Amino acid sequence: MNPLVAEARSVLDGNWTDGATKPAPALYPHQWSWDSAFVAIGNRHHRWERAVAELRSLFDAQWPNGLVPHIVFSDVDGDYFPSPAFWQADVVTGTGATVRTSGICQPPVHATALRLVIDAASAGGIDRSRVDAALAELVPRLAAWHDYLHRDRAVAGPLVEIWHPWESGMDNSPVWDAPLAALRFGPDDVPDFQRVDTEHANAADRPTDDDYDRYAYLVANLRAEGYRPANPAGLPFRVADVLFNSALVRAERDLAVLIELAGGNGAERSRLADRVADAIETQLWDEEAGLYLDRDQVAGAPIPVRISGGLMPLLLGSTNRARTAALIDTLLSDFAVPVAGTGAGPGREAGGVAVLTVPVDAPDFDATRYWRGPSWINMMWLLAEGLDSCGEAEVAARVRRGVWELVSSAGFAEYFDPRRGLALGGADGRFSWSAALLIDIAERFGASAGD
Ligand code: 9WN
């Protein structure tokens, strides 16, 4: 076996905690929602039952209203902020303290993960009965999760909204700067808290204390209403995020396929996917920016900040050739860079590329701070999937090759500065989704991503 793949498997095994996988040993010692979907996508190739168990563990913590919480806490306490005591999810949902969770969600990539897990079953020699059991168990829960989003989060529908930057998965993106700055609150509105993250990662690369005050304020505000606000239109932070909505479209289409595999009719899910896809096209495209922009639903205006999340409608498949061409042009000109040490040229030349989260020449670019410039493997994996579904296999291969080059040069870091080949984020450098998605790329496209 290729040594990098063997190492990736050992990262995942090391972070496995009897039922679920921690994103990172010290910085994130619990289960996270979208991390688990990516972990399952890697484990499906060699630990199929564990991939299903990962999703089962997450969906066992699903709320009665369908919300899939962004964190499911393990038994360990006091090692992450915000802790279960801060969220008080058990109190507000009345579900009791057996499953301790956060009260917000993350991008809905889970049906996409389950579809890939099911796809891998026959190659893995898994019995049809195991496949049927996984479908019977998880498909109704996935449907309830998506229904929650359409019912509770499509406040100005059909686009669904996030109510906290953490729900985007791209927590510290410059996209949130203006909506967070617009929040109006006093010192008494921010509950007392103690950060823990800066003990496990370079404080200069993490969000600022001022950001954390705003994050805590938003949690307290949602918590006061049991995370089910009576008047969602009055919430202080409401964003229609491009990545979140694009992931939902892709996930609805994957759920439709899963329903058909389980003997049902997926037409309604496909219809829901098409409604959101149409809204993305009509409401979020920005011709001048050359990509899609998030929409601040409080201000009633687009947020004019270009991030790699704005390329994610590639996941919809190419319905509009001109827009797909524009997205690829934007990707290669403004977000793609060669990985240091590979001898490759700029993004427009042939060879592997890493995808930055913010263009280098943007005013808010920061080479090392969370989500404000550096490359993340999950974003590159999603973009490569999207490029493939638009028939752009060559560009997809270059992005996958970039994943291989980043991990080869800097290890299984949480995220990377590709221009210096630097590992960034959690100090232990054993980040689960970087390992899982490298495995997926190697299994599907060959070690070294198609060399
Ligand atoms: C808050 C676990 C998570 C990822 C997010 C990433 C980071 C948490 C944090 O870590 O967020 O959810 O404490 O910064 O931004 O995408 O799911 O890996």
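**View 1. Helices lining the second largest cavity of the predicted model.** In this predicted model, α10 (242-261) and α13 (377-389) each contribute at least two residues to the lining of the second largest cavity, and the largest share, three residues, belongs to α13. The lining is made up of Ile41, Val109, Thr112, Ala247, Arg250, Leu315, Trp381, Leu382 and Glu385, which divide by class into six nonpolar, one polar and two charged residues.

**View 2. The largest cavity and the residues around its centre.** Of the four cavities of 30 Å³ or more that are counted in the model, the largest has a volume of about 260 Å³. Its lining comprises 20 residues, and among these Tyr28, Trp32, Gln106, Gly169 and Asp171 lie nearest the centre of the cavity. Sorted by class, the lining of the largest cavity holds 13 nonpolar, three polar and four charged residues.

View 3. Within α11 the buried residues are Arg269, Leu272, Ala273, Val276, Ala277, Ala279, Ile280 and Glu281. These buried residues pack against α7 (128-153), α10, β4, β5 and α12 (321-335).

**View 4. Gly290 in the loop between β4 and β5.** Gly290 is placed in the loop that joins β4 (285-286) to β5 (291-292), and its relative accessible area of 10% falls under the 20% cut-off, so Gly290 counts as buried. Leaving aside residues up to four places away in sequence, Gly290 touches Trp285, Ala326, Leu327 and Thr330. For one of these contacts, Leu327, the separation from Gly290 is 37 residues in sequence, while the C-alpha to C-alpha distance is 6.3 Å.

View 5. The peptide bond from Phe81 to Pro82 is cis, with omega near 0 degrees, and Pro82 sits in the loop between β2 (71-72) and α4 (84-87). The peptide bond from Gly157 to Pro158 is likewise cis, with omega near -5 degrees, and Pro158 belongs to the loop between α7 and α8 (177-181).

View 6. Although Gln88 is not a glycine, its phi is positive, at about 55 degrees; Gln88 lies in the loop between α4 and α5 (89-93), where a relative accessible area of 32% leaves Gln88 partly exposed. Trp371, also a residue other than glycine, has a positive phi near 60 degrees and is found in the loop between β9 (354-355) and α13. With a relative accessible area of 3%, Trp371 is buried.

**View 7. The cysteines Cys105 and Cys390.** Cys105 has 0% relative accessibility and therefore counts as buried, and Cys390, at a relative accessible area of 6%, is buried as well. Zero disulfides are present in the structure.

Technical notes
Residues are numbered from 1 along each chain as its sequence is written. This is a predicted model: local features need pLDDT of at least 70, side-chain atom pairs count only at pLDDT 80 or more; totals for chains, interfaces and linings use all residues. Side-chain values use heavy atoms; hydrogens and water are left out. A disulfide is a pair of cysteine sulfur atoms within 2.5 Å. Buried means under 20% relative accessible area, exposed over 50%, partly exposed in between (1.4 Å probe, protein chains only). On a 1 Å grid over the protein atoms alone, a cavity is a set of points where a 1.4 Å probe fits but cannot get out, and a pocket is an open set with protein on both sides within 12 Å along at least five of seven lines; lining residues have an atom within 4 Å of a point. Grid points are joined across faces, edges and corners, and a volume is the space filled by probe spheres set on the points. Ala, Val, Leu, Ile, Met, Phe, Trp, Tyr, Cys and Pro count as nonpolar, Asp, Glu, Lys and Arg as charged, and the others, Gly among them, as polar. Helices (H or I, at least four residues) and strands (E, at least two) are DSSP runs, numbered from the N terminus. Contact means heavy atoms within 4.5 Å.
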